[in-house]
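I opened the model to see what could be looked up in it. My entries follow in the order I made them.

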Amino acid sequence: MPLDADPAIFAAVVSTIVPEAAALDEQGWQDVHGVVEALLRDRPESLKRKIRMFLAFIQWLPVVRYGRTFTRLDQASRAKVLAHLENDRILKVRVGFWGLRTIVLAGYYGRPQAAREIGYAASASGWEARG
């Protein structure tokens, strides 16, 4: 599991940012986790700790407004919570959200299957590969 975070929280955040992720099978989720783990492998432990804390913050923040944790909300309410974080007046909250969003998108779209699904065919040959 990336960052040793609660897998349910991570999956709920990923599925909210990339709704198509809800259809991933077990191998798809393993691929997402593998990409995220590789992305963060050489990052400082302090950064990983901040990401884990931000995920915990996302889990408990909705209790104030909805009376439920993030993982117990419906998709629309989850999207509202993340939209609030994305546009929060506090810079550190916005930076945390955009950093997490970047990690989520890298994890989802960095999977080999996602590359095939969107027709991504990068090559070391560059534009010559198209010919």
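Accessible areas come from the Shrake-Rupley method with a 1.4 Å probe, and for residues only the protein chains shown count as cover.

This is a predicted model: local features need pLDDT of at least 70, side-chain atom pairs count only at pLDDT 80 or more, and totals for chains, interfaces and linings use all residues. Residues are numbered from 1 along each chain as its sequence is written, and side-chain values use heavy atoms, with hydrogens and water left out.

I then looked up Tyr-120, which lies in the segment after helix H7 (112-117). Tyr-120 has a relative accessible area of 56%, so it is exposed (over 50%; buried is under 20%, partly exposed in between).

Next I took the whole chain. I found seven helices and zero strands in it (DSSP runs numbered from the N terminus: H or I of at least four residues for helices, E of at least two for strands).

I noted that 35% of the 131 residues count as buried. The chain exposes about 8300 Å², with 55% of that supplied by carbon and sulfur atoms.

Last, I noted the C-alpha trace, which spans about 55 × 30 × 30 Å along its principal axes.

How values were computed:
Buried means under 20% relative accessible area, exposed over 50%, partly exposed in between (1.4 Å probe, protein chains only).
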